[in-house]
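Visitor: I am new to reading protein structures, and I would like to go through this one slowly, with questions. Could you guide me?

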Amino acid sequence: MPVVSQAVGVLVGDRQATVDTIVAAPTPLQPIDLTDDARVAEVLDLAVRVGEVVLASGTGVMDTTNQVRFIAATYGLARCDVDVTYDAIRIWADRGPMLPPASSMRVVRQRSLDFTRLAAVDRLTRRIRTQVVPPEDARAALDDITRADHPYHRWTATLGWSLLAASIAALLGGNLLVAAVSFLATAAIDRTNRVLNRFGLPFFFQHMVGGAIAAAPAILLATIAEPLGISTNPTLIIAAGITVLLSGLQLFGAVQDAITGAPITATARMLEVVMMTGGIIAGIALALRLGEALGATVPSIDLTAGRDITDLPVKILAGAVAALAFSLACYAERRALAAAALGGAAGIIVYLAVQYIGFGAVVSSGVAATVVGLAGGLMARRALTPPLVVALAGITPLLPGLSVYRGLYGLLNDQLILGLNQLIGAFGVGCALAAGVTLGEWFDRTQLRPQILSRFGALRRPIVVRVARRPRRARRGPSAQ
């Protein structure tokens, strides 16, 4: 449609983002000497280290592979085989029939959602693509990026996680008291797990402790609410805590790898998601059982609570703030915060609209995630930030924290059908969110490519030189007859 094409052109212009993957290898301006083993090893090390940063930040296997291969090809190593798994990157370069192949390997030991580092590596890749950057200069720039401190203080990240929990509680229909308790509980979870991480406690037990801390204030509030005449829904506190703990997991990357043809890595990531979710459920279950043993009131499930069109402005604002808070907690750059907030608001609007029409939570989540993935690629070009930032932030308000708690409550109270139904529904929503984002990014990458890629197809040279177009022949019309 001409109107849609013009609108997209005005929005993104000729800007490119990471989502605009260029598969064809560029012709290097100054190819390295393939007979120089040290020079070849330097290029391979640069390529796998860039891949290490993007893979540790949650980028899928296929996008990581393309980025590693592209950097190697820029310096003349066009014939490369790249193998990316859950925690390792391997690359083999063919230097011709008269030279032995070269190889390099990098193990991803730590994973952290640092969106500022991801954006900085994205900009470095742009420089390598468009400028004559010697390998030693590119490696020095990469060293500066990986050694740089976070752009915000650690307490700012804690504020982001806490604000995310309060926004989720408000999005689910909670009042000011529930939002405030969710804020404080999440702050306690973040600071406690930070201390436990210093002692090297495995992440499974950290999630278990986080689940217990999320349930403790909910049990306390449910116990004192009736005697004090407080009207509130403590269940939403646990749901908000579950959403915060789930937001940092690799569910999106697991489903994306499964869809794009990386089943081994997808299986590893999915196993990690299942194990960490099991830790959250175990911690909550332990807190609930301990509360029952002490005679406290355990928050019951409320099947009417959830996302609906009541208080629509509040829910849209809560979705935008939740996405912004998640980006802030992951150290996103300031210019990426507004794009993430718009993505979160768009996801909530589409979700509520599709659900209002009559579709279920799985379909509504999938459609909303598709819009978030599509909008993420478009806004990322304008904000010059990786689309992964907008995608992860945009789907965070839609994570099924409430369904997970409902399923756990049903299993603990011998309501097996209700419990399994809620847990399976939560898993379906999570997969729909990841699949929707993948579909949106694919549509943005293939159907809404920038004009510069539509004209040239694939950039085969790091610098594009504009040439004058030939004058078109005059069309025959009524005036020419």
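Guide: Let us begin with a word that we shall need: contact, or touching, means that heavy atoms lie within 4.5 Å. Please keep in mind that this is a predicted model.

Visitor: With that word in hand, which residues does Asp45 touch, not counting residues up to four places away in sequence?
Guide: Asp45 is found in helix H2, and residues up to four places away in sequence are left out of the list. With those set aside, the residues that Asp45 touches are Ser104, Arg106 and Arg139.

Visitor: Does Asp45 count as buried or exposed?
Guide: The cut-off needed here is that buried means under 20% relative accessible area, whereas exposed means over 50%. Asp45 has a relative accessibility of 15%, and therefore Asp45 counts as buried.

Visitor: Stepping back to the chain, what share of its 481 residues do buried residues make up?
Guide: The chain has 18 helices and three strands. Taking the 481 residues of the chain together, the share made up by buried residues is 53%.

Visitor: How many bridges join S1 to S2?
Guide: A hairpin of three residues leads from S1 to S2, and the two strands run antiparallel. Within this pair, Val84 stands opposite Ile89 in S2. The number of bridges that join S1 to S2 is five.

Visitor: And how many bridges join S2 to S3?
Guide: Strand S2, which covers residues 88-93, runs antiparallel to S3. Here Ala88 stands opposite Val107 in S3, while Arg90 stands opposite Met105 in S3. The number of bridges that join S2 to S3 is six.

Visitor: Turning to pairs of helices, are H16 and H17 roughly parallel or roughly antiparallel to each other?
Guide: Two packed helices are described by the angle between their axes and the distance between the axes. Helix H16 (residues 401-412) packs with helix H17 (residues 416-446) at an angle of about 155°, and their axes are 7 Å apart. An angle over 145 degrees counts as roughly antiparallel. H16 and H17 are therefore roughly antiparallel.

Visitor: How many charged residues does the contact of H16 with H17 have?
Guide: H16 passes H17 in a left-handed crossing, and the residues that meet include Val404, Arg406 and Leu408 in H16, with Leu420, Gln422 and Leu423 among those in H17. By class, this contact has seven nonpolar and five polar residues, and the number of charged residues is one.

Visitor: How far apart in space are Ile424 and Ser403, C-alpha to C-alpha?
Guide: Ile424 is found in helix H17, where Ile424 is exposed, with a relative accessible area of 60%. In sequence, Ile424 and Ser403 are 21 residues apart, while in space their C-alpha to C-alpha distance is 9.0 Å.

Visitor: How many nonpolar residues does the contact of H6 with H9 have?
Guide: The axes of helix H6 (residues 154-171) and helix H9 (residues 235-247) come within 8 Å and cross at roughly 130°, which makes H6 oblique to H9. H6 passes H9 in a right-handed crossing, and among the residues that meet are Trp161 and Leu164 in H6, with Leu236 and Val244 in H9. By class, this contact has two polar and no charged residues, and the number of nonpolar residues is eight.

Conventions:
Residues numbered from 1 in each chain as written. Predicted model: local features only at pLDDT ≥ 70, side-chain atom pairs only at ≥ 80, totals over all residues. Heavy atoms only, no water. Pairing = 2+ DSSP bridges. Helix = DSSP H or I, 4+ residues; strand = E, 2+ residues; numbered from the N terminus. Axes fitted to C-alpha atoms, helices over the stretch in contact; angles between N-to-C directions. Parallel < 35°, antiparallel > 145°, perpendicular 65-115°, else oblique. Left-handed = near helix turned anticlockwise from the far one by under 90°. Nonpolar A, V, L, I, M, F, W, Y, C, P; charged D, E, K, R; others polar. Buried < 20%, exposed > 50% of the residue type's maximum accessible area, 1.4 Å probe, protein only.
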